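Subject: Two-chain model for you

Hello,

Here is the structure I promised to pass on. My notes follow below it.

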Amino acid sequence: MPRLYRVQLEVKGLPEDIFVIEQLKKYFATDDKTKYVKAVDGVDLVLRKAEVLGVVGESGSGKSTIAYTVMGMYEPTSGRILFKGRDISSRATKRPMEVKKELQIVFQDPSTSLNPQRTIAQILGLPLRVHKLADSKGITDKVVELLNMVELSEDYLYKYPRALGGGERQLIAIARALATRPDLMILDEPTSALDVSVQAKIINTLIRLQSELGMSYLFITHDLSLMRNLAHRVAIMYLGKVVEVAPTQEFFEAPLHPYTQMLLSSIPVVSEVEDALKPEKVIARGEIPSPVDVPSGCRFHTRCTLVMDVCCQEEPDMVRIGSDRFVSCHLHTK
Amino acid sequence: MAEVLLNIDDLHIGYRVYKGTLKVLDGIRLVVHTGEKVGVVGETGCGKTTTMRAVMGILPRQAIIKGGRITFKGKDVMVCGPQGIRTVRTDGMSMIFQDPTAALNPVFTVGEQLADVIKYSHVGRGLERRGAQQAITAMSIEALKQTALPDPQRIITNYPFQLSGGMRQRVCISMALVTARDLLIADEPTTNLDVTIQDQVLRLIKQLVEEKGMSLILVTHSLGVARMMSDRIYVMYAGNIVEAAPTEKVFGNPLHPYTQGLLRSVPKLTGEGIGFGIPGRIPDYFNPPAGCRFYPRCDFRLPECENEKPELYETDEGHYVACFIHR
């Protein structure tokens with residue numbers, strides 16, 4: 001029986017914030033330049049050393065925009081991104097090499113994120129050469145070492161991505177991100193294009209690598225049940241804002257925000273034990289509003305079952321509940 | 001037992017490609033009774049959609065039917081000719097596709113597309129010439145209203161691009177259910193939707209199917225969705241049915257090694273960690289394994305699995321499994 005990998009829920013030693021996002025905003029102008037799509041609209045997040053933070057949200061919630069802004073593919077409209085105390089809120093082209101080395105990303109679709117014209121050896125060798133981590137003699141050994149880290153044999157060296165299945169391609173993408181031994185890895189829905197039987201293998205590999213190398217993960221996903229098994233803390237996003245942040249266990253025992261309750265009770269599960277863990281059925285209703293015309297007050301008030309008068313006018317602040325939980329909802333502000 | 005509505009018997013379908021023939025479906029047997037909700041579960045490329053397309057008679061041109069029979073209400077739909085299959089499509093069954101954006105025609109309004117469905121069905125043929133247009137519009141609005149779409153009068157004048165993904169899928173559902181049918185085939189109806197929208201759409205399909213006393217085939221890759229929606233489940237792997245059983249037995253006592261592996265791989269809310277998945281890949285359809293198609297990936301394989309193909313053995317009432325271990 002193969003071993004099950006589980007994330008250790010207690011972080012050893014003193015937690016250290018290695019990555020901080022402060023009031024991050026990213027707006028995109030619409031085609032006629034009259035309005036803005038407020039993809040990310042004031043987000044604060046903290047990621048500690050050797051921690052897995054799950055960022056969960058539905059389509060249009062801005063979770064991928066956060067990933068791309070952190071990677072420097074977009075310049076933030078306002079706000080700051082701090083990595084190990086250093087301000088990196090700029091485009092990737094303006095960032096120093098050592099920051100790029102320590103910050104890596106794995107994209108959702110491995111068939112488009114790997115160059116179809118390069119062999120696996122070339123794909124994995126590139127980051128090693130760019131960051132001068134190996135000379136031309138030692139490079140093949142290093143690449144084989146990377147392949148072994150993701151449990152692939154050296155037979156893959158001279159294959160092309162098209163000869164690989166989706167799961168193996170994603171493992172190659174992970175190996176490429178590992179090449180520079182990053183401290184922070186951003187995983188943008190790395191398994192949502194894969195079948196569950198393949199996803200299981202990838203997730204177990206990611207958990208093993210995280211505990212072996214002590215990396216931090218910013219794991220972006222729409223799958224809450226996956227986060228239950230993987231993340232130390234989860235942050236739930238809705239329409240460009242974080243609505244709730246909590247340690248995984250506490251979060252799944254008692255979700256506080258009405259949106260997270262709706263989200264959790266909408267998940268289809270496969271056993272009665274899990275049915276019992278879901279919050280009381282909150283009937284999902286309404287559509288996700290357009291991020292161009294964000295509702296006034298609390299963004300969720302158009303779909304909320306517990307809506308009050310104040311929700312339509314005032315935007316709730318993030319409040320602290322207990323030691324490490326945050327929620328932004330008027331029900332909890334008093 | 002209720003009477004049999006749809007019976008797929010030993011269906012073999014291949015696809016002609018440049019290099020030869022892909023032997024995809026390999027003896028599918030599937031039965032749907034009147035008023036029953038059946039789930040078909042399987043991963044990418046296992047032939048779920050091919051099976052459903054064969055039932056509707058909408059296979060692509062490269063497909064070759066190499067054997068088998070599909071009977072719907074006692075009539076063989078593969079030999080009934082163009083007129084026969086048209087009647088099946090307009091009055092017998094309807095289908096909801098995975099991608100509502102591709103299923104709707106972008107250059108016609110929602111109202112026009114709904115009107116076409118009604119016009120060519122038995123309902124439309126029975127309408128008096130005079131007043132037909134008003135009757136059709138009224139029925140369209142009623143159908144949209146049933147799917148909880150806000151402001152149906154406005155929506156019938158909209159083009160698909162003016163609606164959101166969830167709304168488009170609701171329009172597809174109203175097109176599928178606007179006239180009375182016996183069978184609804186929903187092919188991954190919620191795969192492109194967010195969970196909170198998925199929940200709404202699934203509950204809607206279930207409610208409407210039950211209200212109208214229809215049968216349902218729900219094709220999905222999500223075990224959770226199948227559990228929520230169906231009375232009985234067929235598990236498919238590489239063009240074979242590997243397990244067929246009532247829903248509670250599939251989840252309570254899965255017998256086929258593939259079903260077990262699949263269930264282990266699903267991330268659970270209990271946080272117990274994720275199973276190790278199923279090593280390997282789906283077989284190459286040019287040269288599928290001679291015996292059990294799961295043989296190369298199976299942890300429990302026996303010597304005979306390599307060259308002999310297991311049949312569906314009944315282990316328990318209504319629980320069938322295609323595996324020599326349960327012979």
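How many residues of chain B are in contact with chain A, and how many of chain A with chain B? The answer is 35 residues of chain B and 39 residues of chain A. Two residues are in contact if their C-beta atoms, placed from the backbone, lie within 7 Å.

Some ground rules before the rest. This is a predicted model, in which local features need pLDDT of at least 70, side-chain atom pairs count only at pLDDT 80 or more, and totals for chains, interfaces and linings use all residues. Residues are numbered from 1 along each chain as its sequence is written, while chains are lettered from A and ligands numbered from 1 in the order in which they are written.

**The side of chain B that touches chain A**

Three helices of chain B each supply at least two residues to this side: α9 (195-211), α10 (223-229) and α12 (257-265). Helices (H or I, at least four residues) and strands (E, at least two) are DSSP runs, numbered from the N terminus. By type, the residues on this side of chain B are 13 nonpolar, 16 polar and 6 charged. Ala, Val, Leu, Ile, Met, Phe, Trp, Tyr, Cys and Pro count as nonpolar, Asp, Glu, Lys and Arg as charged, and the others, Gly among them, as polar.

**The two chains**

Chain B has 12 helices and 12 strands. Its radius of gyration is 21 Å, close to the 20 Å from the globule rule for 327 residues, so chain B is as compact as a globular protein of that length. The radius is taken over C-alpha atoms, and the rule is 2.2 Å times the number of residues to the power 0.38. The C-alpha trace of chain B spans about 70 × 50 × 45 Å along its principal axes. Of its 327 residues, 45% count as buried. Buried means 20 or more other C-beta atoms within 10 Å of the residue's own, exposed 12 or fewer, and partly exposed in between, with C-beta atoms placed from the backbone.

Chain A also holds 12 helices and 12 strands. In chain A, 47% of the 334 residues are buried.

**Helix packing in chain A**

Look at α4(A), residues 120-130, beside α6(A), residues 166-178. Their axes come within 8 Å and cross at roughly 25°. Axes are lines fitted to C-alpha atoms, for helices over the stretch in contact, and angles run from 0 to 180 degrees between N-to-C directions. α4(A) and α6(A) are therefore roughly parallel. Angles under 35 degrees count as roughly parallel, over 145 as roughly antiparallel, 65 to 115 as roughly perpendicular and the rest as oblique. Ile120(A), Ile123(A), Leu124(A) and Pro127(A) of α4(A) meet Ile172(A), Ala175(A) and Arg176(A) of α6(A). That contact has 6 nonpolar residues, no polar and 1 charged.

The axes of α4(A) and α5(A), residues 139-149, come within 9 Å and cross at roughly 105°. These two helices are therefore roughly perpendicular. Leu124(A) is in this contact too, among the α4(A) residues that meet α5(A).

**One helix in chain B**

In α1(B), residues 48-56, the buried residues include Met52(B) and Val55(B). Gly57(B) follows α1(B), and its phi is positive, near 70°.

Best wishes
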